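User: Please go through this structure with me. I would like to know what the terms rest on.

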Amino acid sequence: MNNKKIIISISVLIVLILAIILFNKTGPQVLQNDEVSTATTSTAGGKMVVDNTIKPATIVNEPSTNYEYQNGVFWGIIKKSAIANGKLILTIDFIQSFATQKETILAAIQDDVCKFPSNQGIKTKQEFINKVMSLNDTELSALISKTNCFPNGIVYYRNASAKLISKDVASNFIAYYPKNGTVETTNTGNMETLNTYVNLVGPSNPKWQITIKDGKVVSLNQPYIK
């Protein structure tokens, strides 16, 4: 009887030890200082295709209250990159993006980038705005397809402010960008590699999707442009 109890006790102890080991391997890891998780959803070989449908919420870049860009996902053009005192510093021209198809179209109309389609019986800019406001997404797509507003899909960014902002990059950042002009994506967490790439493509490089946490850049995503 005692032997049976001993065997049961040993079995329970073994199960507990295995559970602790498994938890330590799979449980959430506590990040120290400004480090961030580098876990990604990648395909075989560590390569991934950037999801171009990802779009952050609308951010207005004019009010001074938004110039801090402390937390969130933003669109921006990286004008330059430099390594100083062991830190990677990016100089960014943040731009405004829009959360919905309708907001995107309305902004383009308001900025006179998308002109009212007279061939659709619309005679003024305000009439065009009112029409867009009254339509659902399906109806909007049908209307816009009959204009010359968005030949490459309903995408529009506003860059009304020329203000440049410098941001430190977190020590354990991750960056994704097209590899040699293909849909394959290079990913790096090395500051020298990213610094070289950014300065190579220069200020005319495509827009980046920039994630900031507590004032530091934690990830960058440069969508593949067809």
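**Disulfide and cores**

Analyst: A disulfide joins Cys 114 to Cys 149, with 1.9 Å from S to S. This is a predicted model, in which local features need pLDDT of at least 70, side-chain atom pairs count only at pLDDT 80 or more, and totals for chains, interfaces and linings use all residues. Residues are numbered from 1 along each chain as its sequence is written, and side-chain values use heavy atoms, leaving out hydrogens and water.

User: Why is the link of Cys 114 and Cys 149 called a disulfide?

Analyst: A disulfide is a pair of cysteine sulfur atoms within 2.5 Å. The S to S value for Cys 114 and Cys 149 is 1.9 Å, so the pair qualifies. By this rule the count comes to one disulfide.

User: What makes this a link between distant parts of the chain?

Analyst: Cys 114 is in the loop between helix H2 (101-110) and helix H3 (125-134), while Cys 149 is in the loop between helix H4 (137-144) and strand E3 (165-178), 35 residues apart. Helices (H or I, at least four residues) and strands (E, at least two) are DSSP runs, numbered from the N terminus.

User: Are Cys 114 and Cys 149 buried or exposed?

Analyst: Both Cys 114 and Cys 149 are buried. Buried means under 20% relative accessible area, exposed over 50%, and partly exposed in between (1.4 Å probe, protein chains only).

User: Which residues touch the most other members of the largest nonpolar core?

Analyst: They are Phe 94, Leu 194, Trp 208, Ile 210 and Leu 220, in a core of 20 residues. Such a core is a set of buried Ala, Val, Leu, Ile, Met, Phe, Trp, Tyr and Cys residues joined through side-chain atoms within 4.5 Å. E3 gives the most to this core, with five residues.
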